[in-house]
Amino acid sequence: MHHSPSPETHHDPFVRVRGAREHNLRGVDVDIPRDALTVFTGVSGSGKSSLAFGTLYAEAQRRYFESVAPYARRLIHQIGAPKVDSVTGLPPAVSLEQRRSSPGSRSSVGTVTLLSNSLRMLYSRAGTYPPGAERLDSDAFSPNTAAGACPSCHGLGSIHRTSEELLVPDPELSIRQGAIAAWPGAWQGKNLRDVLEVLGYDVDAPWRELAAEDREWILFTEEQPVVTVHPVRDADRIQRPYQGTYMSAHRYVMRTFSDSKSATLRARAERFLTDSPCPVCEGRRLGPAALAVTFAGRTIAELAALPLTALDAVLASVPDSVREGAPAGGEAARVLAEDLRSRIGPVVELGLGYLSLDRTAPTLSAGELQRLRLATQLRSGLFGVVYVLDEPSAGLHPADTEALLGVLDRLKAAGNTVFVVEHHLDVVRHADWLVDVGPLAGEHGGRVLYSGPPQGLAGVAESATARHLFGSDEAEAVTKTEAEAEAEAEPGLRPARAARGSVRLSAVERHNLRGVDAEFPLGVFTAVTGVSGSGKSTLVGQVLAREVGERIADPGFPVRRLVEVDQKPIGRTPRSNLATYTGLFDVVRKLFTQAPQARARGWKAGRFSFNVPGGRCETCQGEGFVSVELLFLPSTYAPCPECAGARYNTETLDVRYEGLNIAEVLGLTVESAASFFARVPAAARSLRALEDIGLGYLRLGQPATELSGGEAQRIKLATELQRLRRDHTLYVLDEPTTGLHPADVRVLLRQLHGLVDAGHSVVVVEHDMEVVAGADWVIDLGPGGGTDGGRIVAAGTPAEVAAAGAGRTAGYLARALGRT
């Protein structure tokens with residue numbers, strides 16, 4: 001297949017895809033207009049991402065590699081081009097995926113948006129320096145460079161310290177009784193105690209009776225004296241004197257924490273450490289020279305800590321604040337401040353004005369990160385490219401979705417083509433063109449049901465999207481998944497359940513929550529709502545979960561278990577997958593050891609593991625992929641040349657269970673596996689739980705790295721559901737509907753309401769008003785984000801919150817209630 005652009009393609013206003021077979025796509029042919037906003041819709045797992053990202057974006061990336069470097073051809077050969085016959089009329093592409101790999105702790109809002117660069121330039125060129133100070137390079141204002149970092153904490157802003165209270169939790173005990181909790185156990189701890197005794201310290205007096213300077217030396221000394229220990233003779237064995245070296249508790253903890261290879265030991269050491277702000281830079285991460293420079297009377301650290309809306313206000317007043325002290329810098333200050341403000345604008349517009357530049361990336365949600373990247377693109381001035389976006393409405397309150405639509409329109413107006421994979425119906429309605437993929441998930445999907453202007457979808461009988469977009473009853477009976485049909489058979493409006501007790505949080509101070517009192521009813525379904533940055537995740541994920549976690553130990557507390565179901569990946573490498581995470585793989589390996597060929601060779605379950613030598617393919621060490629390192633590009637995985645992705649060696653693959661080898665079993669979808677293992681109760685149970693939650697389309701061996709955040713969350717939930725416990729459990733979910741088609745949302749809700757009916761409590765943070773309308777209790781935070789948020793605007797049943805009319809949720813909730 002070759003790509004010499006023939007002259008006529010330039011006038012073709014369409015991107016034309018022929019024969020796309022990536023993942024579950026069934027030889028798809030589709031034409032999509034350029035310079036328009038196209039939304040790809042379909043139930044979860046239908047194949048819309050395989051078309052938008054796996055085919056269109058991957059093909060654009062492949063062409064880019066080919067044009068960049070000759071060595072890239074070899075790579076493309078290894079990575080494999082997308083499985084498609086041809087794609088014509090495709091411009092270069094920029095992908096804004098919700099990256100599964102989250103950025104490190106050194107990246108922040110400022111580095112993601114590149115705003116930090118502009119701010120450092122402003123300080124370097126137009127800052128007010130102390131008399132006689134050298135002008136600093138803009139690098140010297142970054143905590144991530146040797147020039148700018150605080151020498152004490154290396155630019156991290158905090159240092160690990162320990163304290164007497166942590167090292168000795170119970171001062172009533174003597175050293176012999178184990179007062180120093182941080183010491184190692186067993187022989188090593190006894191050895192340290194004996195050394196102290198030889199050094200003349202009292203190991204039998206209660207700790208609090210020891211002199212302060214002795215306590216200080218025992219815990220914190222850096223000295224390491226060596227003494228001869230004469231052990232007390234035990235009747236049963238004679239011990240020789242030995243040379244014992246003393247190490248203080250603090251030194252032991254710090255050494256274990258920084259050097260130990262064992263995660264368990266490191267975690268144990270961490271219990272005795274607190275993160276405290278670095279005493280030298282006071283947590284500001286920069287060296288003294290950079291902190292001596294001010295702009296508008298503030299240091300760069302002070303400006304980076306302001307919410308972007310406040311930073312914008314400071315910059316807006318620049319012309320007045322440029323004093324005669326820096327006439328040369330005056331013009332530079334004005335130009336640089338204007339540039340900064342033009343970059344802050346789009347971030348604020350996307351509802352993220354509550355973030356500060358120094359907020360670290362790991363504390364941001366996937367949706368916040370993607371919108372920051374989107375805002376950055378608005379300023380990049382690119383045109384004639386395709387933007388491929390993955391559910392940009394994730395984590396957006398309905399009130400913020402309107403701003404998002406404005407941003408997508410501006411990207412299009414600048415002469416770009418915008419492809420969006422999206423479930424949010426307001427975004428779908430706003431499209432110029434819809435590509436609906438389906439009809440169902442996995443092997444029952446992978447066809448394009450419709451490609452054209454949104455109104456035309458109404459006539460497509462088998463589209464689940466059409467049913468929700470137009471509420472068309474004619475399309476009803478055609479392709480209901482059983483789960484959907486069941487979910488709809490239940491009456492929509494249940495009478496609200498009565499609470500059985502509650503958990504109270506009082507005077508909560510955390511991030512933007514200021515003295516909040518909240519009450520979470522138990523035994524019911526509670527939804528926590530509010531615009532982005534209003535404090536929902538802080539209140540639920542940090543405060544409520546921590547409080548309940550601490551109080552479970554108290555036997556009188558009504559909640560016995562806490563289960564937080566988040567969207568973090570179920571594993572970071574291709575080694576963890578659906579089967580290993582749910583424990584299903586243990587069952588499968590046992591079945592294989594009972595096969596006659598395995599018995600004859602005396603193979604145990606380990607032979608069928610791809611994580612240990614023996615049965616696995618050694619070329620890829622059982623990963624099925626080899627990592628291909630690219631210069632200046634992120635590393636990519638390519639199928640293993642030896643086993644072609646099967647993960648096992650040929651001898652292992654000779655063993656068959658019911659006609660399939662272990663690699664073929666890992667290739668089954670949950671749905672096919674459910675019938676294949678129907679007679680194996682241990683396997684059938686976990687497969688049924690996955691099917692009930694709408695994940696029947698996933699393959700058992702699907703690597704964790706290929707699952708979306710929403711899929712990972714539903715796998716965790718399914719794993720929980722098959723464990724059903726009698727004990728009262730509180731389930732906490734942060735935006736469980738992210739990445740779900742409205743048809744799948746119903747299936748998920750049935751599961752969650754089922755937990756409540758079984759006597760448990762469910763608390764969700766949610767923007768989907770259909771979900772909120774079906775809750776028993778709503779807590780609405782706001783009214784805005786950041787410093788304008790952090791208060792409870794309304795709490796009550798959905799009808800009460802909608803009727804109260806306070807805050808930005810009420811109107812949208814009233815509309816949703818009107819629909820049910």
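The legends below describe close-up views of a predicted model. In this model local features need pLDDT of at least 70 and side-chain atom pairs count only at pLDDT 80 or more, whereas totals for chains, interfaces and linings use all residues. Residues are numbered from 1 along each chain as its sequence is written, and side-chain values use heavy atoms, with hydrogens and water left out.

View 1. The strands are arranged in the order β2-β1-β4 with antiparallel pairing, where two strands pair if DSSP finds at least two bridges between them, and where helices (H or I, at least four residues) and strands (E, at least two) are DSSP runs numbered from the N terminus. Because β2 (28-33) and β4 (86-88) stand at the edges with a single partner strand each, one side of each is left without a neighbour in the sheet. The twist averages 5° from one strand to the next. Strand β1 (residues 14-20) is joined to β4 by three bridges, and V17 has V87 in β4 as its bridge partner. Helix α1 (residues 48-68) packs on the sheet and touches β1, β2 and β4, its direction making about 110° with that of β1; contact means heavy atoms within 4.5 Å, and axes are lines fitted to C-alpha atoms, for helices over the stretch in contact, with angles running from 0 to 180 degrees between N-to-C directions.

**View 2. The aromatic pair Y123 and F141.** Rings of Phe, Tyr and Trp (its six-membered ring) pair if their centres lie within 6.5 Å, and planes under 30 degrees apart count as stacked, over 60 as edge-to-face and the rest as tilted; by this rule the count comes to 16 aromatic pairs. The ring centres of Y123 and F141 are 5.9 Å apart and the planes stand at 50°, so this pair is tilted. Y123 belongs to helix α4 (residues 115-126) and F141 to the loop between α4 and β6 (158-161), 18 residues apart. Y123 is buried at a relative accessible area of 0%, and F141 is buried at 2%, where buried means under 20% relative accessible area, exposed over 50% and partly exposed in between (1.4 Å probe, protein chains only).

View 3. With centres 6.3 Å apart and planes at 75°, the rings of F610 and Y648 form an edge-to-face pair. F610 lies in the loop between α23 (596-600) and β18 (625-630) and Y648 in the loop between β19 (633-639) and α24 (650-654), so the pair ties together parts that are 38 residues apart in sequence. Both F610 and Y648 are buried. R647 lies over the face of F610, at 4.0 Å from the ring centre; a charge sits over a ring if NZ of Lys or CZ of Arg is within 6 Å of the ring centre and within 35 degrees of the ring normal.

**View 4. The surroundings of Q702.** Q702 is placed in the loop between α27 (681-692) and α28 (709-721), and it counts as buried at 6% relative accessibility. Leaving aside neighbours within four places in sequence, Q702 is in contact with H23, S576, N577, L578 and L707.
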